[in-house]
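Please look through the sequence and the model below before reading on.

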Amino acid sequence: MVSEPLSYESGLTGVFAALADPTRRAILTRLKGGDATVAELAAPFSMSQPAVSKHLKVLEQAGLISRSQRATARLSHLEAEPLRSAVDWLMDYRAYWAESFDRLDDLLEDL
């Protein structure tokens with residue numbers, strides 16, 4: 001089987017691919033506090049602004065951020081709606097694990 005190179009797309013696959021990187025998760029956490037420039041987002045990291053811009057591009061392609069121009073600054077803005085599909089998908093597994101733990105509790109009571 002030949003695997004294709006990883007592409008960052010919108011939808012659930014894109015969201016999980018974007019969230020797989022700790023730097024991108026940290027950027028999203030920072031953006032919960034409000035819009036920020038690339039320089040502001042790059043400040044806590046030991047990486048260049050172009051490297052942070054690459055992370056921003058992945059987040060934008062996944063629909064997790066939007067970018068706008070204000071005067072000379074390019075601002076990044078959190079778009080949390082795509083996270084809803086990830087949460088919904090994960091919630092299905094929460095129900096599965098709750099049921100599994102209930103069965104385990106029943107088994108332990110029987111023992």
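Threonine 37 has a relative accessibility of 19%, and because buried means under 20%, threonine 37 counts as buried. The model in which this holds is a predicted one. Threonine 37 belongs to strand β1, which covers residues 36-37. Leaving aside residues up to four places away in sequence, threonine 37 touches Ala73, Arg74 and Leu75.

The next topic is a pair of helices. Two packed helices are described by the angle between their axes and by the distance between those axes. Helix α1 spans residues 12-19 and helix α5 spans residues 81-110. Their axes come within 9 Å and cross at roughly 95 degrees. Angles of 65 to 115 degrees count as roughly perpendicular, so α1 is roughly perpendicular to α5.

Which residues of α1 and α5 meet? On the α1 side they are Leu12, Val15, Phe16 and Leu19. On the α5 side they are Pro82, Leu83, Ser85, Ala86, Trp89 and Leu90. Sorted by type, the residues of this contact between α1 and α5 comprise 9 nonpolar, 1 polar and no charged.

Aromatic rings come next. The count of aromatic pairs comes to 3. One of the pairs is formed by phenylalanine 16 and tryptophan 89, with 5.5 Å from centre to centre and 65 degrees between the planes. Planes over 60 degrees apart count as edge-to-face, and this pair is edge-to-face. Since phenylalanine 16 lies in helix α1 and tryptophan 89 in helix α5, the pair ties together parts that are 73 residues apart in sequence.

A last point returns to the rings of phenylalanine 16 and tryptophan 89. Together with Tyr93, Phe16 and Trp89 form one aromatic cluster.

Definitions and conventions. Residues numbered from 1 in each chain as written. Predicted model: local features only at pLDDT ≥ 70, side-chain atom pairs only at ≥ 80, totals over all residues. Heavy atoms only, no water. Helix = DSSP H or I, 4+ residues; strand = E, 2+ residues; numbered from the N terminus. Buried < 20%, exposed > 50% of the residue type's maximum accessible area, 1.4 Å probe, protein only. Contact = heavy atoms within 4.5 Å. Axes fitted to C-alpha atoms, helices over the stretch in contact; angles between N-to-C directions. Parallel < 35°, antiparallel > 145°, perpendicular 65-115°, else oblique. Nonpolar A, V, L, I, M, F, W, Y, C, P; charged D, E, K, R; others polar. Phe/Tyr/Trp six-rings, centres within 6.5 Å; stacked < 30°, edge-to-face > 60°.
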